[in-house]
Amino acid sequence: MYKINEMFETIQGEGVFTGVPAVFVRLQQCPVGCAWCDTKHTWDATPQDETTFDTVLEKVEDNPQWCSASAADVVQRYQAQGYTAKHIVITGGEPCIYNLHALTEAFEAIGCRCQIETSGTYPVQATENTWVTVSPKVAMKGKLPVIDSALLRANEIKHPVATMKDIDNLDELITRVDLPVSTEIALQPISQKQRATELCIEVCVKRNWRLSIQTHKYLSIA
Ligand code: SF4
């Protein structure tokens, strides 16, 4: 069973799939502990916050309420909502604390494509066709290391950047593993800070990497 914090249809705002209509499935719980996390309400799953899938679907603002659901339940709700987006973004929280094989298989069985957004601190358990976006979270409060198998499974490494130290951390990670040449590397300024954005642009141009901007934050959409 998965703990679901929210499910909604929108546009993917960042990374390779920027601009693609998508249904976001946000899973509850994350032990990583990033200081600047914008989904802190997903960190814990306390019993008193357990609710129904209907309540989760009706959410209009962020809160820690969650419901328990199987892969079949989630897909059935996706269909009942009448969503038209075929791109499914499984995010969190940290989605890879769950085995995502059943969920990604169930969505693929109805013709959807799945994308996982993960911190790279847990093994990725999903179908082969799932697009994996690793946004490595290095030296955070939870003290969880970014693991090699997650970096090697990544189709895209989208690195959050505030200062040059973050670029150094990324260099350390990508030199540690023999990344496939097909892995997309993108830098994403943290919290739309101007200095971070300038630094990302400078390094992306030098190294021929992508710049990932959180366009949904500029547009004020979910
Ligand atoms: S990994 Fe993601 S959900 Fe977890 S603390 Fe960091 S930013 Fe927040």
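**Figure 1. Pairing of strands S1 and S3 in the predicted model.** Strand S1 (residues 2-11) and S3 run antiparallel and are joined by three bridges. Within this pair, Ile-4 of S1 faces Cys-67 in S3. The structure shown here and in the other views is a predicted model.

Figure 2. S2 and strand S4 (residues 87-91) run parallel, with five bridges between them, and Ala-22 stands opposite His-87 in S4. Strand S2 is mostly covered, as six of its seven residues are buried.

Figure 3. An unreviewed UniProt entry lists Gln-12 under "binding site", together with Ile-11, Gly-13, Arg-26 and Thr-91. Gln-12 is found in the loop between S1 and strand S2 (21-27). Is this residue, Gln-12, buried or exposed? Gln-12 is buried, because 22 other C-beta atoms lie within 10 Å, and the cut-off for a buried residue is 20 or more. Leaving out residues up to four places away in sequence, Gln-12 touches Phe-17, Thr-18, Gly-19, Val-20, Ala-22, His-87 and Val-89.

Figure 4. Gly-13 lies in the loop between S1 and S2 and is included in the "binding site" list of the unreviewed UniProt entry. Gly-13 counts as buried because it has 21 C-beta neighbours inside 10 Å. Not counting residues up to four places away in sequence, Gly-13 touches Thr-18, Gln-214, Thr-215 and His-216.

**Figure 5. The shell around the ligand and Thr-39.** The ligand is surrounded by Cys-30, Val-32, Gly-33, Cys-34, Cys-37, Thr-39, Thr-42, Gly-92, Gly-93, Glu-94, Ser-119 and Lys-137. By class, this shell has four nonpolar, six polar and two charged residues. One of the shell residues is Thr-39, which the unreviewed UniProt entry lists under "binding site". Thr-39 is placed in the loop between S2 and helix H1 (53-57). Thr-39 is partly exposed, because 16 other C-beta atoms lie within 10 Å.

Figure 6. Trp-36 lies in the loop between S2 and H1. Trp-36 counts as exposed because it has 11 C-beta neighbours inside 10 Å, and the limit for an exposed residue is 12 or fewer. Leaving aside neighbours within four places in sequence, Trp-36 is in contact with Ile-190 and Ser-191. Trp-36 and Ile-190 are 154 residues apart along the chain, and their C-alpha atoms are separated by 8.2 Å.

How values were computed:
Residues are numbered from 1 along each chain as its sequence is written. This is a predicted model: local features need pLDDT of at least 70, side-chain atom pairs count only at pLDDT 80 or more; totals for chains, interfaces and linings use all residues. A residue is near a molecule or strand if its C-beta atom, placed from the backbone, lies within 6 Å of it. Ala, Val, Leu, Ile, Met, Phe, Trp, Tyr, Cys and Pro count as nonpolar, Asp, Glu, Lys and Arg as charged, and the others, Gly among them, as polar. Two strands pair if DSSP finds at least two bridges between them. Helices (H or I, at least four residues) and strands (E, at least two) are DSSP runs, numbered from the N terminus. UniProt positions are given in the numbering used here, feature names are shortened, and annotations may be inferred rather than shown by experiment. Two residues are in contact if their C-beta atoms, placed from the backbone, lie within 7 Å.
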